[in-house]
Number of protein chains: 4
Amino acid sequence: MMKNLKVPIIIVNYKTYSEGTGKKAIMLSRIAEEVSLETGVNISVAPQLADLASVCDAVSIPVFAQHIDPIFPGNSTGHVLLESVKEAGAVGTLINHSERRLKLCDIEIIIARARESGMVSVVCTNNAAVSEAAAALKPDIVSLEPPELIGTGIPVSKSKPEVVTQTVTLVKHVNPCVLTLCGAGITKGEDVAAALKLGTRGVLVASGIVKAKDPRKVLMEFSVAINESL
Amino acid sequence: MMKNLKVPIIIVNYKTYSEGTGKKAIMLSRIAEEVSLETGVNISVAPQLADLASVCDAVSIPVFAQHIDPIFPGNSTGHVLLESVKEAGAVGTLINHSERRLKLCDIEIIIARARESGMVSVVCTNNAAVSEAAAALKPDIVSLEPPELIGTGIPVSKSKPEVVTQTVTLVKHVNPCVLTLCGAGITKGEDVAAALKLGTRGVLVASGIVKAKDPRKVLMEFSVAINESL
Amino acid sequence: MMKNLKVPIIIVNYKTYSEGTGKKAIMLSRIAEEVSLETGVNISVAPQLADLASVCDAVSIPVFAQHIDPIFPGNSTGHVLLESVKEAGAVGTLINHSERRLKLCDIEIIIARARESGMVSVVCTNNAAVSEAAAALKPDIVSLEPPELIGTGIPVSKSKPEVVTQTVTLVKHVNPCVLTLCGAGITKGEDVAAALKLGTRGVLVASGIVKAKDPRKVLMEFSVAINESL
Amino acid sequence: MMKNLKVPIIIVNYKTYSEGTGKKAIMLSRIAEEVSLETGVNISVAPQLADLASVCDAVSIPVFAQHIDPIFPGNSTGHVLLESVKEAGAVGTLINHSERRLKLCDIEIIIARARESGMVSVVCTNNAAVSEAAAALKPDIVSLEPPELIGTGIPVSKSKPEVVTQTVTLVKHVNPCVLTLCGAGITKGEDVAAALKLGTRGVLVASGIVKAKDPRKVLMEFSVAINESL
């Protein structure tokens, strides 16, 4: 699947922020695309489902769904079908975000469906043990995000480096093909640089970009940090 | 809210059917629009979330979301924000479909949010008692769908007329402003006519249209039945 | 069902407090029984499920389950069957507590099952609109508990008297047989007296008793307040 | 934890069967105890929560809870606290049964809590991949139960031997300390013997015993099969 995605990468999760909804989702995605083109750094965005198709139409950077359900075509009113987000243009999906935790058996189904459909699977996890378990399900990416740091501005890569390192090690041990990202509290270029130094292949970031006064400036700072780390 | 919606009405729920996903969702919506224009009957569609914006762009008939979450702008990754479906062009939302049942307190929040935002709220229910409870929450529409009949081709309006009548009566008693629809097993014009005769203001239909060999023909039959009932 | 329960009443919810678990649940229930016998005031307790049978064996005051599931005998591993709590000796069950919210259709099933089995149903609600909806499902009791006040020591009966009054009125209007209790922040006799004055038939209380330094003293204060209100 | 439990073992899940509720749960547990004493085979039972304390009082064989919640003492009305089932006398708990699937992050919390409290953790799984993930969380036991075979009388150990073998191998590879059981469709001694031959350390069985005409006879047959396999 990873032919659809290059690392190191910055994935920007729009959550349900007003600043990342509707027309603002498209504007923000254009900014992300511009920074990516300017710096050569891989930047990807994960808008809300109702904005997915418009964002995919508007930009050429890879776009993720924030969630899909463990379902097949049929009778699942109000659920998110892999085929629908794929046809809308998404290259992959976040899975099990801390704000959308899933059952173990459902995560397995979603990862397997993504694999069969050529979509990138990014499983979010809360600690090293859960990351190891998630890696056993063979997703493309595990993204460690200690929930207690999300939205705090206290970067996981600097405040819990040992958890990041342990996660990178355990994930690699279970399955060397699975990459590790990290997120939570990432607001500065140095947080991104620290994340890469710990062995991750990028960051999953939300408020640090979406709610920034100047998202372009922060994305640029992140991208420079990545380029300097290479 | 009902300025956005006229009755009697046919609401077509696309569920997660392949026949109602992606480009097929747009084609089906165009058919619905054509039949509506030809017959003057109000027809509305409820595509999947990833198709919502494209469908709203493609047609001028009212479009519903299949579900929204009881959330506000902010930290709700993977959930459905009212503001996002409204900006995509939806006039309202299904709530508590039998395949997406919700907590009582969440239904209340969603209805209240819809009301404040000028969106039409259609709460699905499974029997007369639950319909009465739902009506107390002041949605625009209650839609009775006995789950055991969904997808069976056994029409609720003919096999359980007394439940439909009782629902219409209880809903009206709790709140005379709340309209009642019914659904489940509706596949023929006579099922629609029977539904109107029992006091409902239309039908919520899914497989009967979406999985029909010739959706246009069935929609036309439904519309003729409505026009003959007026 | 209400032959099993007299009002006005104090229902003490043990939640999962350490102070109300295991042997401590039995000791606390004996205190509740003693105060009830001494003062003649109806006091009921709702211990955890694993303590239900022992508490029912130890005391003669009415005992409630904190929750039951909308299931029937059969394949429901890890769920709570009405028949099991009834055989353990419970006279009724809390339903839809703010810490265990349920789907609308499931609340209806549980209330109906309780009614058929001669068990008292107490549905917890968060505001007047939800209380009205709950009352339409014909439980024995609706218990209003604004979640934002739970555990605060700010009594609902004094800080939100208008919500209590409105709830009492709406519930009575939907179904005159349904009684209203209230809870949240109740820690003093005067809070209980205020609750009765607003038209409720008692209180649902948790930390105010279970985590009190001297639960007997507080229960006695509540009971005196009830006797003085009669 | 496994000092509390010897293998090979038969764990009998009472689900919410009428035949395993209340007094019948105690009678069935006495039968299990008698067969265990007679044959020397380890037999354990998992009654419903409301019966847990009475069963623990009545018999000396190890007793399991069917489920506990990922919570700590405090505000969790209607949830199952580890401390409450431990004080009731349980030696461990089933986790993530096919009828009570849990979120990945919650399974991790429950296993960790069980470990700290000296309780045996038995995680149920549906296939080899999920078993491997579960094993990474370091429970004492993983119990494979393909949901499509549960209650069918088609034994997993004979109809899907390759899935059982693969599960045993993957679990051992992730963590050699984690034992594997299997279940689903087990009704005869030969099914149990087949399970042991495939490398499992016992069976998790429900209807095969609880709904048997003569549970003692079937348990005896299972136990003889285990003794002959040693």
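Author: Start with one helix. The buried residues of H5(B) are B:Ala128, B:Val130, B:Ser131, B:Glu132, B:Ala133, B:Ala134, B:Ala135 and B:Ala136. Keep in mind that this is a predicted model.

Reader: How many of the residues of H5(B) are buried?

Author: Buried means under 20% relative accessible area. By that rule, 8 of the 9 residues in H5(B) are buried, so the helix is mostly covered.

Reader: What do the buried residues of H5(B) pack against?

Author: Partners come from two chains. In chain B they are strand E5 (120–125), strand E6 (141–144) and helix H7 (161–174). In chain C they are helix H4 (104–116) and helix H5 (128–135).

Reader: And the ends of the helix?

Author: Look at the start of H5(B). A side-chain oxygen of B:Asn127 comes to within 3.1 Å of the backbone nitrogen of B:Ala129. After H5(B) comes B:Lys138, with a positive phi near 60°.

Reader: Let us turn to the contact. How many residues do chain B and chain C each bring to it?

Author: Chain B brings 18 residues, and chain C brings 18 residues. Together the two chains bury about 1500 Å². Carbon and sulfur atoms account for 68% of that area.

Reader: Which helices of chain B supply at least two residues each to the side that touches chain C?

Author: Helix H4 (104–116) and helix H5 (128–136) of chain B do. H5(B) gives the most, with 6 residues. By class, this side of chain B has 10 nonpolar, 3 polar and 5 charged residues.

Reader: How are the two copies related?

Author: Two copies of a chain are related by a rotation about an axis and a shift along it. Here a rotation of 180° with 0.0 Å of shift along its axis superposes chain B on chain C, at an RMSD of 0.0 Å. The two copies are therefore related as by a two-fold rotation axis. In chain B, the C-alpha of B:Lys103 is nearest the axis, 1.8 Å from it. Both copies use the same surface: 100% of the contact residues of chain B recur in chain C.

Reader: Which chain pairs do not touch?

Author: Chain A and chain C are one such pair, with their nearest C-alpha atoms 16 Å apart. Chain B and chain D make no contact either, and their closest C-alpha atoms also lie 16 Å apart.

Reader: How many salt bridges does the structure hold over all chains?

Author: The total is 28. One is between A:Glu34 and A:Arg216, at 2.5 Å from N to O. This pair links distant parts of the chain, helix H1 and helix H10 of chain A, 182 residues apart.

Reader: Show me one in chain C.

Author: C:Glu19 forms a salt bridge with C:Lys211, and the closest N and O atoms are 3.5 Å apart. Each residue sits in a loop, and 192 residues separate them.

Terms used
Residues are numbered from 1 along each chain as its sequence is written. Chains are lettered from A and ligands numbered from 1 in the order in which they are written. This is a predicted model: local features need pLDDT of at least 70, side-chain atom pairs count only at pLDDT 80 or more; totals for chains, interfaces and linings use all residues. Side-chain values use heavy atoms; hydrogens and water are left out. Contact means heavy atoms within 4.5 Å. Buried area is the accessible area (1.4 Å probe) that two parts lose on being put together, summed over both. Helices (H or I, at least four residues) and strands (E, at least two) are DSSP runs, numbered from the N terminus. Ala, Val, Leu, Ile, Met, Phe, Trp, Tyr, Cys and Pro count as nonpolar, Asp, Glu, Lys and Arg as charged, and the others, Gly among them, as polar. Copies are superposed by least squares on the C-alpha atoms of residues with pLDDT of at least 70 in both. Buried means under 20% relative accessible area, exposed over 50%, partly exposed in between (1.4 Å probe, protein chains only). A polar contact is a pair of N or O atoms within 3.5 Å; within protein, one must be able to donate a hydrogen and the other to accept it, and residues adjacent in sequence count only if both atoms are side-chain atoms. A salt bridge is a side-chain nitrogen of Lys or Arg within 4 Å of a carboxyl oxygen of Asp or Glu.
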